[in-house]
Amino acid sequence: MSARSSIEQVAGGARANVLSVSFTGVELGRDLDSLLAKETRGFALHRIDPLGDLTAAPGYVSLPAMARGYAEQAAGLAPIAVIGYCTAATLTLALAEELAAAGDRAPLVVLLDPLRPTPASVARSFEDRRRAFGRTEPPVADVDCQGDPGTALRAMASQLALDATAFAADNEMDAEDADAITTELVARYRAWLGFLLATAHHAPAGDALAVRCLMSRDREIPAALVDPPSVRRLALPAEELPGADAVRELVFEMIEAGASHV
């Protein structure tokens, strides 16, 4: 299964290109691109939104397939750096690996509060979305997030469609509102859960990449994702890190330092 692979420029610049992997709309106040685009120091900033692309995909898409698709789209940009926040960290690493394999130079990877989902955390996210529809009863069919991810995603999407229909009926929604819940919102939830499953079922390599990591004071360093020596701990709570101007400044300082060593 393939997905649309779209890259959008959010800030122009005469210097090298930078890619940002983010999930606008998943959590309020977590739009990484808005922070970075305030002042790019002359770098051209481009945005990748896997959630938006996966919403249009009809089924499960593996993380390597996502990384290859975005690398093909970014080939002409020759990005100097790839930035990823939270659960986008694994895709950011995989994308950088694909770009390095296709070009002469591996881009710098900058990760902000990286987090690696697990099958258990995906199951909890599924339960959270069911509760958003007011459902607490067990799902109609078992959902095994440790097994085949495509099968798990189909089961979750089917259950969420049932939950959304029941929610619309319980709240006596009109046809327009009910359609928005049962189609648009369910598709968004399916995309998010599919991305989490793809990430949980992918083992990142990244051994040949230059990785820099900024972490809030609250988050733990995820095992097998980043090396502790690459981590810089900041005196910020997790909810403030993606919106702090100081973080933007540090990100572009890292990119400039990396460029100066080429």
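**Surface charge, cysteines and backbone angles**

Asp179 sits in helix H7, residues 175-200 (helices, H or I, are DSSP runs of at least four residues, strands, E, of at least two, numbered from the N terminus). The model is predicted: local features need pLDDT of at least 70, side-chain atom pairs count only at pLDDT 80 or more, and totals for chains, interfaces and linings use all residues. Residues are numbered from 1 along each chain as its sequence is written, and side-chain values use heavy atoms, with hydrogens and water left out.

Asp179 has a relative accessible area of 42% and is therefore partly exposed (buried is under 20%, exposed over 50%, partly exposed in between, with a 1.4 Å probe and protein chains only).

A disulfide requires a pair of cysteine sulfur atoms within 2.5 Å. The count is 0 disulfides. For Cys145, the nearest cysteine sulfur is that of Cys86, 18 Å away. Cys145 is buried, at 5% relative accessible area. For Cys213, the nearest cysteine sulfur is also that of Cys86, at 11 Å. Cys213 is buried too, at 0%.

Cys86 lies in the loop between E4 and helix H4 (89-102). Its relative accessible area is 9%, so Cys86 is buried. Cys86 is not a glycine, yet its phi is positive, about 55°. Most residues other than glycine have a negative phi.
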